[in-house]
Amino acid sequence: MCGRFTLTVSADDLKDAVGLEIVPSEYQPRYNIAPTQPVAVVRSFPPKELEMMRWGLVPSWAKDPSIGNRLINARAETLTEKPAFRSAFAKRRCLILMDGFFEWKRGEGKGARSQPYWFTPGDGKVAAFAGLYELWFHKEDEPLVSCTIITTEANDVVRPVHDRMPVILPRERWSDWLEGSSPDQLLALLRPANLSLEAVPVSPAVNSPAVDRPELIQPIAGL
DNA sequence: CCAGACGTTGTT
DNA sequence: GTCTGG
DNA sequence: CCAGACGTTGTT
DNA sequence: GTCTGG
């Protein structure tokens, strides 16, 4: 995990939530955000800014941006060792904005379907994954800017569904993550979420990355 | 030395 | 760019 | 994460 | 089965 999430608020509400402007024409509410798609990100510099980035990290040394299709998550446990993430962890940390994420509980036996769940902080507010970003300079003037979501072990709410989850930073830790400098203090932030999460069983319609509508986060009966 | 990878997930 | 493997 | 493709040649 | 694309 995490391979799918939501950010369903309006551009105005997003601005109110984080205190930063976003280009309205680039943003729209989403109920099924998949890898390779644009996601709303706060990065600390230069300067602190809210912008849309491609989900899937493309390191500066990449010959081809397709490597980003695979670097959608970074394990917190090995962040400092992996060549693909080391420099981003040191210098290019970000907040990936969301208001819920999906995890799939695998069915027993072969051929069994996985049941998707939507996990949400449930207070209607914008929350944030801990992330890393990179700039990839090709031949155009503007670099391709991309990001990855940091994962850790599941907390008590998520564990029945899955053993990993994205790192969710409480609001009072946002600036610590963006502006921190000591690697030890930064790593200490990458813990399973302590905040309350609501687990909502949802329709397998979310399985298709092409489907994006409000019904995807409605509870389904019988579970 | 050069070449080639650089990642996570889940499944067996 | 930097590390690992041959 | 899941869904869907998995290929080349030559022609428009 | 495995890779690519969204």
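Modeller: Start with burial. Buried means under 20% relative accessible area, exposed over 50%, and partly exposed in between (1.4 Å probe, protein chains only). The model here is predicted, so local features need pLDDT of at least 70 and side-chain atom pairs pLDDT 80 or more, while totals for chains, interfaces and linings use all residues; side-chain values use heavy atoms, without hydrogens and water. Residues are numbered from 1 along each chain as written, chains are lettered from A, and ligands are numbered from 1 in written order.

Colleague: Give me a case. Is R164 buried or exposed?

Modeller: R164 is buried, at 11% relative accessible area. R164 is found in strand 11, residues 164-166. Strands (E, at least two residues) and helices (H or I, at least four) are DSSP runs numbered from the N terminus.

Colleague: Which residue's side chain makes a polar contact with the side chain of R164?

Modeller: A polar contact is a pair of N or O atoms within 3.5 Å; within protein, one must be able to donate a hydrogen and the other to accept it, and residues adjacent in sequence count only through two side-chain atoms. For R164, the partner side chain is that of T151, at 3.3 Å. The backbone oxygen of T152 also lies 3.5 Å from a polar side-chain atom of R164.

Colleague: Now charge pairs. How many salt bridges are there?

Modeller: Side chains of opposite charge can pair when their charged atoms come close. The rule for a salt bridge is a side-chain nitrogen of Lys or Arg within 4 Å of a carboxyl oxygen of Asp or Glu. The count comes to ten.

Colleague: Which residues are linked with R164 in a network of salt bridges?

Modeller: R75 and E77 join R164 in that network. The side chains of E77 and R75 meet at 3.9 Å, N to O. E77 is partly exposed at 40% relative accessibility. R75 is partly exposed too, at 42%. R164, by contrast, is buried.

Colleague: What is the N to O distance between E51 and R43?

Modeller: In this salt bridge, the distance is 2.6 Å. Check the burial of both ends. E51 is buried, with a relative accessible area of 13%. R43 is also buried, at 10%.

Colleague: And where does the K15 and E21 pair stand?

Modeller: K15 and E21 form a salt bridge at 3.2 Å, N to O. K15 is partly exposed, at 36% relative accessible area. E21 counts as exposed, at 54%.

Colleague: On to the nonpolar core. Which residues touch the most other members of the largest one?

Modeller: A nonpolar core is a set of buried Ala, Val, Leu, Ile, Met, Phe, Trp, Tyr and Cys residues joined through side-chain atoms within 4.5 Å. The largest here has 66 residues. F5, L14, L97, F101 and W177 touch the most other members. Strand 9, residues 127-136, supplies the largest share of this core, seven residues. Another core lies apart from it, with nine residues, among them Y31, V202, V206 and L216.

Colleague: Which residues are in contact with L14, leaving aside its neighbours within four places in sequence?

Modeller: Contact means heavy atoms within 4.5 Å. With those neighbours set aside, L14 is in contact with L7, V9, I22, Y27, A40, L50, L97 and V126. L97 is also one of the residues that touch the most other core members.

Colleague: Where is the place of V58?

Modeller: V58 sits in the loop between strand 4 (49-55) and strand 5 (73-75). V58 is buried, with a relative accessible area of 0%. Beyond four places in sequence, V58 is in contact with P65, I67, G68, E134, W136, L144 and S146. V58 and A40 are 18 residues apart in sequence and 17 Å apart in space, C-alpha to C-alpha.

Colleague: And A11: how is that residue placed?

Modeller: A11 is in helix 1, residues 11-18. A11 is partly exposed, at 23% relative accessibility. A11 and W177 are 166 residues apart in sequence and 24 Å apart in space, C-alpha to C-alpha.

Colleague: Last, the DNA. Which residues are around DNA strand E?

Modeller: A residue is near a strand if one of its heavy atoms lies within 4 Å of it. For DNA strand E, those residues are R4, A34, P35, T36, Q37, N69 and P209.
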